[in-house]
Every structure is written in C-alpha cells, then in structure tokens.
Amino acid sequence: MARAVTTRRKTLTTVAAWGIALLIFFPILWMILTSFKSEETAVLSPPVWFWFDWTTENYATVMERANYFRFFMNSVIIAVGSTALGLVIAIPAAWSMAFVPGAKTKDLLMWMLSTKMMPGVAVLVPIYLIFIKLKLLDTHFGLIVVIMLINLPIIVWMLYTYFKEIPGEILEAARMDGATLRSEILYVLLPMAVPGIASTVLLNIILAWNEAFWTITLTTVNAAPLTKFISSFSSPQGLFYAKLSAASTMAIAPILIMGWFSQKQLVRGLTFGAVK
Amino acid sequence: MSTQASRSAARVMLSPAVISLLIWMIVPLVLTLWFSFQRYNLMYPERAGFVGFYNYTTFVASPDFIQAIVNTLLLVLGVLAITVIGGILLALLIDQPIWGQGYVRILVIAPFFIMPPVAALVWKNMFMNPTNGLFAEAFKALGLQPFDFLGVAPLISIIIIVAWQWLPFATLILLTALQSLSSEELEAAEMDGAPAHKRFWFIILPHLSRAITVVILIQTIFLLGVLVEILVTTNGGPGTASTTLTFLVYKQSILNSDVGKAAAGGVVAVILANIVAVFLMRAIGKNLDA
C-alpha cells in the first residue's frame with residue numbers, strides 16, 4: 001500500500017532536496033569550474049560563474065610538470081599494491097573465520113578492529129625511526145605495507161561478512177570430490193564471492209588513495225603520492241587557484257567515480273556490518 | 001566441517017593476518033612507551049637517559065595541553081553535532097518521494113571521497129580566503145566587511161571543513177538505516193492519528209538509535225586523529241588557537257624533534273582513543289551475534 005503523495009508536496013521536497021544537495025556539492029563544482037578558468041579569471045571580483053573563456057591550459061600546465069605524472073602513478077601503485085597485498089593476506093584469514101569458526105573467532109575479529117583505533121600520531125616517531133633503520137622511508141614498498149596494515153582489518157571484516165553468506169556445504173562438497181584447500185579457495189570460493197571481493201577492493205582503493213597521514217609523513221619525493229603533491233600547495237606563491245583546481249580535480253576524479261559506483265556497499269564496509 | 005585437519009589449516013591461514021597486525025600494533029606501541037620515559041631529542045642526541053615521568057609532567061603541565069584538549073573536544077563535539085543532526089534531517093529529506101533521488105544521493109555523498117588536502121585547500125583558498133574567497137565576495141556584495149575566517153575563528157572554520165567532509169558519511173549510514181524501517185509501522189501510526197513529530201520521536205528516532213551510535217563512535221575515532229586539515233589550513237594557529245591534541249603531538253615530534261615528549265603525548269592520545277574504542281567495540285560486538 002503506497003502512501004498517496006500529492007504532486008505539490010513531491011515538488012516541494014524535490015526542490016528542497018536538490019537545493020541542499022547542490023549546496024553540499026558546490027565546493028567541488030566550484031573547484032571544477034575554477035580549473036577551467038585562467039588564473040586571472042579565477043580571482044576576478046565579483047566572481048564569474050559559467051560565462052568565461054573556458055580553457056584547458058591549466059590541465060596542460062599541470063601535466064607538463066614532469067613530476068605530476070609521477071605523483072599520480074605513485075598514488076596508483078600504493079592504492080593498488082596495498083589492496084592486492086591486503087587481499088592475499090585477508091582472503092585466507094576470512095576463509096578461516098567464516099568456515100572454520102572457533103570459540104575465539106569473534107574476539108579475534110574485534111581485536112583486529114581495535115588495531116584500527118590506534119592514533120597514527122602516537123606511533124609516528126617509532127614508525128619513522130624504524131623506516132629509517134630499514135631504509136624504507138620514501139619507498140613504495142614501505143608505504144604499501146603501512147597502508148595495507150591500516151586497512152587490513154576492514155578488508156578481513158568485509159570479506160568475512162561476504163564469505164559468511166556463502167553456504168559452507170558447497171565448499172565441503174568440493175573437498176569431498178578431492179579438491180585441495182588451495183583449489184577449494186581459488187576455484188570454488190573466490191568465483192562465488194566475486195561481488196563481495198569487488199566491493200571490498202573498491203572501498204580499499206578509495207581509502208588508500210585518500211589516506212593522507214602516513215603518505216604525507218613517510219614520503220619526500222620518490223614515493224610521494226597525490227596527497228603529498230596537493231599539500232605542497234598549502235604555502236602559496238603568486239596566483240595559483242586555477243592550477244591548484246586542475247591538479248585537485250585530476251586527483252579526485254577517479255575516486256569520485258569509483259565511489260559513486262560503490263556507494264551501496266560502502267555502508268557495510270564502513271560500519272563493519274553494524275548497519276546494513 | 002571443522003575436522004582436525006581443517007582446524008590446523010585454518011590456524012595457518014589466519015597467521016599472516018594475525019602476526020602482521022600484532023607486529024604493527026605491539027612494536028610501535030612498546031617503542032612509544034619506552035621513548036616516553038626517555039630524554040630523547042633528535043636535535044641533542046647526546047642528552048639521553050631515563051627521566052621517569054618528566055615527559056608526561058611537562059607535556060601535561062604546559063598551557064598548550066589544556067588548550068589542545070579543549071580544542072580537541074570542541075572539534076569532535078562540534079563536528080558530531082553538525083553531522084549527526086544534519087545527517088538525520090538530510091536522510092529524512094532524501095528518503096521522501098522525490099524526483100531524481102539517485103542523483104541527489106550522488107551529489108550529497110561526493111565530499112566523502114575528496115582527499116583531505118584537497119578539501120582543506122579548496123575551502124581555505126577559494127571560500128575562506130579574506131581577499132578573494134567566495135565568502136569574502138558574498139560579504140562584499142552584501143556591503144559587509146570581509147571576514148578572515150581562518151585568522152579570526154580558526155577552530156570554527158576547521159569544524160566547518162571537517163563537518164563538510166563527514167556529513168555525507170553520517171547521511172549515507174542514517175539513510176541506509178532509515179530505509180530498513182518498515183513503512184507499515186509508520187502508516188499504522190499515521191492512521192492512528194500520530195502527528196509527524198510524534199512519529200519521528202517514537203518510531204523513527206528509536207529505529208535509528210543504533211545507526212546513530214555507530215556513526216558517533218566511528219566518527220569520533222577519525223575526528224580524534226584529524227591532522228592534515230589543520231596542517232594545511234592554520235598550522236595549529238594563530239598561536240595555539242586551533243591546536244588539537246593530535247596536532248600538538250605532531251608538532252612535538254616533527255617540528256620540535258622532541259621524541260620523548262611527543263611519545264608521552266602519544267600515550268595520552270592512545271588512552272583517549274581507547275576510551276572511545278571500548279564503547280565502539282561494544283556497539284559493534286552486540287551486532288555480531290545477530
């Protein structure tokens with residue numbers, strides 16, 4: 001039984017919802033608009049909205065700076081690398097907890113979650129000193145490991161909730177047919193869990209891409225990703241709004257698109273299954 | 001299917017995850033605890049040795065500490081108030097029958113995917129800048145004096161920026177919880193003549209309570225660690241006006257190279273985060289049986 005809604009009321013709520021949504025989105029929209037202005041147009045007073053000479057020169061300028069591409073690639077390497085490494089470690093762990101649960105499984109899950117609550121700043125110096133000792137500072141490998149570790153609890157937790165929805169009998173049947181543990185996981189479990197794994201991967205790439213504490217503190221040049229590149233704009237010299245906007249737009253675009261595709265699954269991952 | 005063989009296999013399969021997280025947690029924490037009782041400044045490596053609770057007493061006794069605790073509380077509570085209340089209202093609005101609901105959701109969620117440095121710099125330069133930010137232009141258009149947001153009200157400005165980043169998170173979670181509320185219950189109440197505000201207080205809000213708890217706890221964990229937004233906008237200033245506990249610890253370690261004192265501050269931060277964590281774990285743990 002659907003509630004009768006008058007068109008008038010629907011129109012009013014639609015206008016209100018769109019108005020607020022556009023207000024919330026406005027800073028991003030303004031940044032994208034600014035990225036197509038010249039530096040002079042970007043600071044005009046009063047500001048110009050849509051009717052200006054649209055130019056893509058900022059994007060060209062940012063791309064031309066030989067290092068932009070490297071920052072971008074470092075973001076890709078760290079996000080993809082940490083996600084891949086995380087999956088390799090998390091899939092067996094989630095398999096164990098979902099299909100061979102013990103008395104301690106719940107405590108173990110909670111403990112993994114608790115590692116995520118350690119404030120990064122409290123352990124920054126020890127990690128920094130260890131990184132110097134092991135020559136990991138400003139290396140891809142060092143960052144991949146750290147980003148993997150801070151997101152590992154979320155990966156394990158998400159995979160665990162997805163695996164639990166797969167009936168254990170199917171795995172058991174495969175084992176009866178003589179499948180080894182390795183082929184049981186690779187050829188029976190994983191194909192069935194593809195949607196769950198896909199959303200886990202997506203969320204993890206988003207989190208890794210946007211991670212700004214460790215990526216800024218543990219890198220200088222070689223392994224520095226976009227977070228570091230954008231923060232370097234915090235001490236401005238001269239006119240730079242349009243170029244900052246272009247660099248920022250390029251830095252957020254891939255993640256924004258991925259995020260929009262994964263918004264339904266995000267809730268489960270972000271609340272550790274507490275809200276479905 | 002838990003045979004002896006699969007049990008031992010399970011243990012082997014678990015070990016990489018457990019061991020790596022164990023190392024990640026224990027080693028830095030032990031080192032932080034150790035440093036917190038040492039005199040250890042990277043600038044003066046020759047002055048070393050055990051100093052007992054000296055780092056703690058000087059860290060806690062400094063006037064910056066009280067200010068930092070107050071700022072941390074204001075930041076966390078301010079952002080929570082805006083995002084939870086705003087999130088409930090927004091979720092209620094989006095849940096109504098409207099045209100283009102999917103697009104509205106997409107627009108509202110977007111800020112959550114923006115990396116912190118981008119969010120902070122866009123707000124700082126293009127909105128809050130007193131000479132040519134959009135807010136200054138709006139003030140000028142209204143014939144008012146432009147307001148130097150980050151200079152005069154740095155903490156409130158940072159609260160606005162961080163709340164903008166987290167409002168989508170609260171809205172998304174609350175909207176998901178709202179959509180699991182059966183419409184029959186609401187319709188029954190409506191037919192019994194319950195007015196809208198009573199339906200909100202006695203049906204909707206109790207239904208949302210768990211989601212609200214989860215939003216508050218998860219956000220608190222992240223809000224206690226807010227650093228980059230402060231770093232690129234105010235650098236903790238002017239003075240210590242926007243210095244939070246996290247930023248104070250960061251300043252001690254990176255800018256003052258005082259490892260000992262930073263470690264003591266870090267231990268304080270760990271204790272604070274743990275208090276929140278206990279409540280969060282309870283809220284999530286309860287759900288694990290269900």
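Let's start at Asn235(B), which is partly exposed, because 16 other C-beta atoms lie within 10 Å. On that scale, buried is 20 or more other C-beta atoms within 10 Å of a residue's own, exposed is 12 or fewer, partly exposed is in between, and the C-beta atoms are placed from the backbone. Before I go on: this is a predicted model, where local features need pLDDT of at least 70 and side-chain atom pairs count only at pLDDT 80 or more, while totals for chains, interfaces and linings use all residues. Residues are numbered from 1 along each chain as its sequence is written, and chains are lettered from A, with ligands numbered from 1, in the order in which they are written.

Back to Asn235(B). You'll find it in the loop between α11 (228-233) and α12 (245-255) of chain B. Helices here are DSSP runs of H or I with at least four residues, strands are runs of E with at least two, and both are numbered from the N terminus. What is the phi of Asn235(B)? It is near 55°, a positive value, and the residue isn't a glycine. Most residues other than glycine have a negative phi.

Chain A has a case of its own, Asp138(A). Its phi is near 60°, positive again in a residue other than glycine. Asp138(A) sits in the loop between α6 (124-133) and α7 (140-163) of chain A.

Now zoom out to whole chains. Chain B has 13 helices and two strands. Its radius of gyration is 24 Å, well over the 19 Å that the globule rule gives for 290 residues, so chain B is more spread out than a compact globule. The radius is taken over C-alpha atoms, and the rule is 2.2 Å times the number of residues to the power 0.38. Along the principal axes, the C-alpha atoms of chain B fill a box of roughly 80 × 80 × 30 Å. Of its 290 residues, 43% count as buried.

Chain A has 13 helices and zero strands. The C-alpha trace of chain A spans about 75 × 70 × 35 Å along its principal axes, and 46% of its 276 residues count as buried.

What about contacts along the sequence? Two residues are in contact if their C-beta atoms, placed from the backbone, lie within 7 Å. Take the contacts with a separation of 6 or more: in chain A, residues 24 or more positions apart account for 80% of them. For chain B, that share is 68%.

Next, how do the two chains meet? 85 residues of chain B are in contact with 81 residues of chain A. Which helix gives the most to chain B's side? That's helix α1 (residues 4-36) of chain B, with 17 residues. The whole side of chain B that touches chain A divides into 67 nonpolar, 14 polar and four charged residues. The classes go like this: Ala, Val, Leu, Ile, Met, Phe, Trp, Tyr, Cys and Pro are nonpolar, Asp, Glu, Lys and Arg are charged, and the others, Gly among them, are polar.

Here's one helix pair across the two chains. The axes of helix α1 (residues 7-35) of chain A and helix α4 (residues 101-109) of chain B come within 8 Å and cross at roughly 30°. Axes are lines fitted to C-alpha atoms, for helices over the stretch in contact, and angles run from 0 to 180 degrees between N-to-C directions. On the α1(A) side, the residues include Trp18(A) and Phe25(A), and they meet Val104(B), Leu107(B) and Val108(B) in α4(B). By class, this contact has nine nonpolar, no polar and no charged residues.

Last one, inside chain A. The axes of α1(A) and helix α13 (residues 241-270) of chain A come within 7 Å and cross at roughly 115°. The contact involves, among others, Met31(A) and Ile32(A) of α1(A), and Tyr241(A) and Ala242(A) of α13(A). That contact has five nonpolar, five polar and no charged residues.
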